[in-house]
Amino acid sequence: MTISVFVFSLLGVMALGVPIAFALLASGVALMWHLDVFDAQILAQNVIGGADSFPLLAVPFFMLAGEIMNEGGLSRRIVNLALALVGHVRGGLGYVAIMAGCLLSALSGSAVADAAALTALVLPMMVAAGHKKETAGGLIAATGVIAPVIPPSIGLVIFGVAANVSISKLFMAAIVPGLLIGGALWLTWYWLARNEKVAPPPRRPRAEVLRALRESLWALMLPVIILVGLRMGVFTPTEAAVVAAVYAFLISTLVYRELPPSRLYGLFVSAAKTSAIVMFLIAAAMVAAWLITVADLPSKVVDMLAPFMENKILLMAAIMVLVMIVGTALDMTPTILILTPVLMPIVRAAGIDPVYFGVLFIINNSIGLITPPVGVVLNVVAGVGKMKMDEVTRGVIPFMAAEFAIMFMMVLFPPLVTVPARWFGG
């Protein structure tokens, strides 16, 4: 009964068109009434406490860094470097999108920002070269969702805070899985583009390749600084977000000189608005998380998953299917905040490594950004690329299938995640 009250109150309020943050608050109040523990003071305390977290400071700073990178020329130089390296091979522009997407993922951690940048920069080139627009848009959308996986990742930060798992360990563990997803997209694009009669552009002269590398070197240094700093213990993930924002600002204004002071105000306002939405969502979710604990919902879910508890692989597969279903209806952040307090006690009871689970959980939620009907990244690509939603949806299906295949391969073979995690994490 308790699970039904929570689920139906949440879905019912959302069905009325109420924003997800207020829907979470409403479902929390419904649970309080059901449990006969309603207290406005407790409600307010949990909302305030939900946002009062030092690690969550990483969210606004990473968002600010992403805004600065797109406006300050860092993203464009990354795309130019990928063009110079692989643009001349058959289907080269698709490989450019994948390579640039992986590099941009190591800069911003935002799927929406990366998808918007790639759509604006690469999609017109792919269409002009003769590639199908829906396939090109689908590839870019699928590439954009690598951003929440490869560190620095906003999704991993939110999960780390909600699950009380080391964010640094999550960052180190997600590097190889993110690259494997990029490899899966590479092979899928090769299969789709092998019969296309699209003439690739000529190979760039070596001098032009070196110039593109030299111009992008400052941008490429950012993920190196962040990962080495985290690996060596120089700074925490929160401090890494500040370093990323300050570094992007200095490079954009002093080195590339493409970010005039007159545009700074708009960037700060845009980052602040996005951060405010995410932070309020987190604060509202903490009310539901507290009540989920009070109502002992995890033990009820454990009872439902009891047949799988003896087999870690089957349990992980069942959880991944559940998250896939939820991901078709909810955005990434609310899914993390709603399911984490429910699933983590189950994961720990089954003896599954929380870092391993966190990486797969975020991968699943990231792919959820391109699963219809909600698919936030699909909407971004459709809007920026001036495409119909159904066109992007058709184009993304083979790439989405490849990403899910990689995810379930990691479920079947956990060392794909755990072994590199131990190596990177020391």
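**Salt bridges, rings and a covered helix**

Mentor: In this predicted model, a salt bridge joins E134 and R394, whose closest N and O atoms are 3.1 Å apart.

Trainee: Where do E134 and R394 lie in the chain?

Mentor: E134 belongs to helix α9 and R394 to helix α21 (residues 389–412). The two are 260 residues apart, so the pair links distant parts of the chain.

Trainee: What do we call E134, given its relative accessible area?

Mentor: E134 is partly exposed, because its relative accessible area is 26%, and buried would mean under 20%. R394 also counts as partly exposed, at 44% relative accessibility.

Trainee: Which other residue meets R394 in a salt bridge?

Mentor: D390 does, with an N to O distance of 3.6 Å. Both R394 and D390 are in helix α21, four residues apart, which is about one turn of the helix. D390 is partly exposed, at 41% relative accessibility.

Trainee: How many salt bridges does the count come to?

Mentor: The count comes to six. Among them is the one between the side chains of E258 and R76, at 2.3 Å from N to O. E258 sits in the loop between α14 (237–255) and α15, while R76 is in helix α5 (residues 74–86), so this pair ties together parts that are 182 residues apart in sequence.

Trainee: Which residues are linked with E258 in a network?

Mentor: R76, R77 and E258 form a network of salt bridges.

Trainee: Let us return to α9. Is that helix mostly covered or mostly exposed?

Mentor: Helix α9 is mostly covered, with ten of its twelve residues buried. The buried residues include T135, G138, I140 and G144. The helix comprises residues 133–144 and reaches 16 Å from its first C-alpha to its last, close to the 16 Å expected at 1.5 Å a residue.

Trainee: Now the rings. How many aromatic pairs does a search of the whole structure find?

Mentor: The search finds five aromatic pairs. One of them is F22 with F280, a tilted pair with 5.3 Å centre to centre and 55 degrees between the planes. F22 lies in helix α2 (residues 20–35) and F280 in helix α15 (residues 264–294), so the pair ties together parts that are 258 residues apart in sequence.

Trainee: What are the relative accessible areas of F22 and F280?

Mentor: F22 has 45% and is partly exposed. F280 has 32% and is partly exposed as well.

Trainee: Why is the pair of F357 and F361 called stacked?

Mentor: The planes of F357 and F361 are at 15 degrees and the ring centres are 5.4 Å apart, so the pair is stacked. The cut-off for stacked is under 30 degrees. F357 and F361 both lie in helix α19 (residues 354–367), four residues apart. Both residues are buried.

Trainee: Which residue is linked with F357 and F361 into a cluster?

Mentor: F159 is, through ring pairs.

Trainee: One more topic: which residues form the nonpolar patch on the surface?

Mentor: L210, L213, L217, M221, V224, V228, M232 and V234 form the patch, with about 730 Å² of accessible area together. L217 lies in helix α13 (residues 206–231) and counts as partly exposed, at 45% relative accessibility.

Terms used. Residues numbered from 1 in each chain as written. Predicted model: local features only at pLDDT ≥ 70, side-chain atom pairs only at ≥ 80, totals over all residues. Heavy atoms only, no water. Patch = residues over 30% accessible without salt bridge, like charges linked within 9 Å, V, L, I, M, F, W, Y side chains within 5 Å. Areas by Shrake-Rupley, 256 points an atom, 1.4 Å probe, with all protein chains shown as cover. Salt bridge = Lys/Arg side-chain N within 4 Å of Asp/Glu carboxyl O. Buried < 20%, exposed > 50% of the residue type's maximum accessible area, 1.4 Å probe, protein only. Phe/Tyr/Trp six-rings, centres within 6.5 Å; stacked < 30°, edge-to-face > 60°. Expected span 1.5 Å × (residues − 1).
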